[in-house]
Structure formats: structure tokens, C-alpha cells
Amino acid sequence: MNLAFDNPFLAVSAFIIIPFAAFIFSRMRNPFVASIPLGAPGGVPFKTSQVGGIVKLLRFLEAAGIFLLFFAAAGPSLKTAETVWLNRGADIIFIFDVSPSMAAIDMDGKNRFIAGRSMLIDFSQRRPTDSIGLVAVGDDAALLLPPTADRQTLELRLEQLRIGELGDGTALGMGIAVAAYHLDKSNAKRKVAVLITDGESNAGAIHPETAADLLREMGISFWVIAIGSTGEVPIDYIDPYTNIRRTGLFDSRYDLESIRRLTAAGGGTLITAPNADAFAAAFSQLDDTEITIQRSRVINRMVSCSFQFLLAAVLLLVGVKLTRRILLGAVI
């Protein structure tokens, strides 16, 4: 963001000439004014009241108002550079497991849910031309956000998402089916579904392999990231329905073979991520493989801010005038 002027000379006047002139006039003395000491000889010298300080302040504010008037007359504008993307990337829907087991803390001090949310936000910021959507999976599945290029809305929806808000189950088939339905309606050249889960399907009316087969038939690229370690893992989360904090040890395990069959049914790619480094590597692999061409141009926009400076100048000068009239009785 840069500041530009329609009349640079007035801007130079505001910055250089006016302060310099004010300094010169403040140093000049009237040769016809005599300095006469007040007070009795040998007595206590006369001291000025606080009015003198107020007068100096008012003069300074008045000079500042004149400075702002010149500045406003110079036609200041803020120059901003805006990147406009010229092509559409892929439509990607993340199918995010939000069952309570995602509260297991085995991602370098973070739980699986928070780590997944951070990875998803970071991925979306690296892919500005892609439209990112979000499906949450619990006992049921829900489309939280259709594919969109609005990153602020995506991040806000992820911030609002809570572990366990869709129940204690894991309806992977429902989540995949919801993603398939919305991607099928997309006219993007490339469509991708990414399942992030730490467990096997145990809920929902649609079998996961049946839903995954739909993705393959529709030509949708399918990725499965199996997150989490095995064994006893600490767990800590607040139940969104009861507001009760649940802590303890969670026996973390899932049937990797069933997840392999699910991935194969969708003709997809399976990546296991037992720790934070492997989880980050999984997203890097996804980013490197699902390549989209990014073409853009930079548009410079000029936004005038003369009114703001003019308004500040008027307020200062009027304030000084009223203060002199009301507080000082318009004597000075």
C-alpha cells in the first residue's frame, strides 16, 4: 500500500514549507515591543498562568489544521495492489471426521482435530485458485461449506466446528456420499475428495465402499489420510451437548485393512499419518500431486482519502476557534 498525490507540490508544501515557515515566525521578534519586567523590585517575579500553555497548544493545533488543509488539497490517494486470478483451479471437498476420538492428543502436543484444522487452513492458503468445501462426519454427515474461494468463510466455519457435534459415531459412507453429490454438480475440470479420519466406519446408512465407488465412477480424485497412532493415547475435549469436559486415556486403533479396501474402491490414494510430521507430509504430497495451473494479474487501485484529511483539518480549526471563544473569551 503506497500513498500518492495528485498535486505533489502542495504535499511538499505541507511537509516542508509550512513547518519551516512556522519555525521562522516563531523565532522572529517584533522590534517595536519592549520587554518590561512585572512585579516589585526585589520581590517574587511574575509567573505566567496556565493560559500561556493553552495558547501555545491552540497555535500548534491551528498549524496542524492548516497542514492538513494543504495535505488534503494535494489530493492524497492510497494505491493498493490487488491480485486477480485468471483461471479456476480444482474443486476440493474435505471430509473431516469430528468424532470424539479426534480429540486424542498424539500430534506433537496437539489433538488430531486441531492438527487437521490447521493443516487444512494452511493447504487452502497455498491454493488460491482452488475452491475448498467442507463435510463433517459423525453419526451422520453434513455439508458445512460448498466449494468456495472465500478463505475467510472457510476458516470461520472451521473455527466454529466442534469435536462430537455430530455424535459419537463415524459415518464415513455418508460423508463420502455427500461430497460425491456436491462434486458431481461442479463444472470444475478437476474434482477432489479428501477423507481425514482416525477410525473405521460404524454408523450411517451408506456403506463406505459403495460411496467410494461413486467417486471413482464420477472421475473424482480420492485421497484418504488415516491419522493417529495406535495404543493408549490421552484424550481431552468438551462435549458440545453437555458442556462436560471428558479426559482420560483412549485405546487408539482402527482396522487399516478396511480403510485400504475403502481407498481401493474409490481408486484413491491412502496415506497413513501416525504423527504430526507424517500428517504434514501427507498434505504436502496432496499439494504436489493435485497440481493446478495458477495464472494471475495484479491490478493497481487508487482510493482517494482527501475527504478524511479535509474533515480532520476542519474539525481541528473549528475546535481551536470554539476553544478560543468559549475558554479564553476570544481575547487571544
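**Entry 1: strand pairing.** I looked up the partners of strand β6 and found that seven bridges join β6 to strand β3 (residues 91-97), the two running parallel. Strands pair here if DSSP finds at least two bridges between them. Strands (E, at least two residues) and helices (H or I, at least four) are DSSP runs numbered from the N terminus. I noted that Ile-92 has Ile-132 of β6 as its bridge partner.

**Entry 2: the model.** I recorded that this is a predicted model, in which local features need pLDDT of at least 70, side-chain atom pairs count only at pLDDT 80 or more, and totals for chains, interfaces and linings use all residues. Residues are numbered from 1 along each chain as its sequence is written, and side-chain values use heavy atoms, with hydrogens and water left out.

**Entry 3: the other partner.** I then turned to strand β7 (residues 141-148), which is antiparallel to β6 and joined to it by five bridges. Val-137 has Ala-141 of β7 as its bridge partner. The two strands form a hairpin, with three residues between them.

**Entry 4: burial of β6.** Is β6 buried or exposed? I found seven of its seven residues (131-137) buried, so the strand is largely enclosed by the rest of the structure. Buried means under 20% relative accessible area, exposed over 50%, and partly exposed in between (1.4 Å probe, protein chains only). Both faces are covered: Ser-131, Gly-133, Val-135 and Val-137 are buried on one side, and Ile-132, Leu-134 and Ala-136 on the other.

**Entry 5: a helix residue.** Finally, I checked Leu-322, which lies in helix α9. Leu-322 counts as partly exposed because its relative accessibility is 45%.
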